[in-house]
Amino acid sequence: SSLDSLMECVEDNLSCLTPLNAVTALVWIARICSTKVKRSDIQHAIGKDGRFLGLCTVLRGFVPDMAGGMLSAVVWAMGKLSVLDEVMLGAVAERVVANMNLILPNHFLKLVWGFARLRCRHEAMLEKLSGRVLANVGSLTAADTCNMLWSFIELRCVGPGGRLLVDLLTSLHNALESHVRQRTEDNRDPLRVAEAPKGIVHSSDLVGLVVVLISRSSALKEDNLVDRLVAISLRYCLSFKPYLSASDLCGLLWALAWTHRWTESTHLLELCTARFRTDLPDVRDELFVCALWAIGVMRIWGNVNVSSLAAAAKPMRERALSVVSSPRCVGHVINVLW
């Protein structure tokens with residue numbers, strides 16, 4: 001496979017790799033792994049592969065001389081691979097703190113996202129980086145704002161004076177509201193209805209943010225702003241219903257059930273039927289269980305008619321049985337039984 005070929009090439013040339021060669025190899029390993037169907041299993045294997053560990057050893061030696069682009073690429077790739085190398089991340093963080101002039105706005109997202117993905121906090125780096133991000137909020141795209149917001153919430157970093165999350169929340173809310181308003185106007189224009197919709201944020205990223213916002217809402221002080229962002233985010237995602245993946249739908253079902261949005265739930269269930277027939281194998285166990293929990297809540301608490309899912313009953317049953325039979329999913333089993 002392409003991954004094995006790349007790993008063999010890395011092993012054969014490990015002693016003569018330049019910093020650019022090593023970083024490029026790491027990034028391509030991460031990209032290739034992210035395209036695999038069973039990427040979580042592959043990522044787990046990669047983290048124990050001697051060839052990959054050798055590459056990490058070489059990279060650690062290069063970190064003290066890396067520029068901002070290489071530093072951010074290394075952190076992004078390690079986050080993408082879900083490989084926590086505390087020594088390497090610590091070295092990167094120290095390099096960033098001592099040389100903030102190397103870190104440009106286009107490096108912000110990869111750095112903070114990688115650390116957040118690996119649940120790795122480095123206080124000194126976060127303090128300096130959050131200040132730089134706060135000063136550049138106005139120049140961020142909606143997609144970068146969404147992912148940055150997710151990252152800082154995961155890292156429990158509110159920035160200088162608590163303003164970072166507020167400004168990011170406000171910026172993303174305004175961008176989504178403007179986009180939804182424009183989409184609504186375009187839908188009234190018969191000449192533009194047939195055009196494929198153009199988004200400003202990837203639906204999967206926004207669903208992930210919505211889940212985190214709802215899960216952490218009690219810890220976020222800006223309740224009203226969070227509620228408004230969750231509401232407009234759900235409207236935005238639902239406006240792209242034909243393009244949502246099965247995983248997106250599972251996350252949205254959970255969000256709608258948790259916030260008691262029963263009307264939107266009814267519309268979404270109809271789409272779930274088609275997606276669940278074919279795409280459930282691609283959904284992670286915990287996401288699928290969240291969807292089952294949501295369907296139960298909708299039916300019992302919201303009195304939502306879930307009969308449209310009957311057409312997808314067989315693949316849902318098979319997926320549930322696979323979760324129940326897994327020894328590592330005891331908590332998921334309890335939710336399935338509920």
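Begin by selecting helix 5 (residues 68-81) together with helix 6 (residues 86-98), whose axes in this predicted model come within 10 Å and cross at roughly 150°. Because angles over 145 degrees count as roughly antiparallel, helix 5 and helix 6 are therefore roughly antiparallel to each other. Looking along the pair, one finds that helix 5 passes helix 6 in a left-handed crossing.

Next, show the side chains where the two helices meet: helix 5 contributes Leu71, Val74, Val75 and Met78 to the contact, while helix 6 contributes Met88, Leu89, Val92, Arg95 and Val96. Sorted by class, the contact of helix 5 with helix 6 comprises 8 nonpolar residues and 1 charged residue, with no polar residues.

Now move to the largest nonpolar core, a set of 120 residues in which Ile29, Phe52, Phe152, Leu172, Leu253 and Phe276 are the members that touch the most other members. From these, select Phe152 and display its surroundings: setting aside neighbours within four places in sequence, phenylalanine 152 is in contact with Val112, Leu126, Ser130 and Val133, and also with Cys157, Leu164, Leu165 and Leu168.

Finally, return to the whole protein chain in a cartoon view, where there are 17 helices and 0 strands. If you colour the chain by burial, buried residues make up 47% of its 338 residues.

Definitions and conventions. Residues are numbered from 1 along each chain as its sequence is written. This is a predicted model: local features need pLDDT of at least 70, side-chain atom pairs count only at pLDDT 80 or more; totals for chains, interfaces and linings use all residues. Side-chain values use heavy atoms; hydrogens and water are left out. A nonpolar core is a set of buried Ala, Val, Leu, Ile, Met, Phe, Trp, Tyr and Cys residues joined through side-chain atoms within 4.5 Å. Buried means under 20% relative accessible area, exposed over 50%, partly exposed in between (1.4 Å probe, protein chains only). Contact means heavy atoms within 4.5 Å. Axes are lines fitted to C-alpha atoms, for helices over the stretch in contact, and angles run from 0 to 180 degrees between N-to-C directions. Helices (H or I, at least four residues) and strands (E, at least two) are DSSP runs, numbered from the N terminus. Angles under 35 degrees count as roughly parallel, over 145 as roughly antiparallel, 65 to 115 as roughly perpendicular and the rest as oblique. A crossing is left-handed if the near helix is turned anticlockwise from the far one by less than a right angle, and right-handed if clockwise. Ala, Val, Leu, Ile, Met, Phe, Trp, Tyr, Cys and Pro count as nonpolar, Asp, Glu, Lys and Arg as charged, and the others, Gly among them, as polar.
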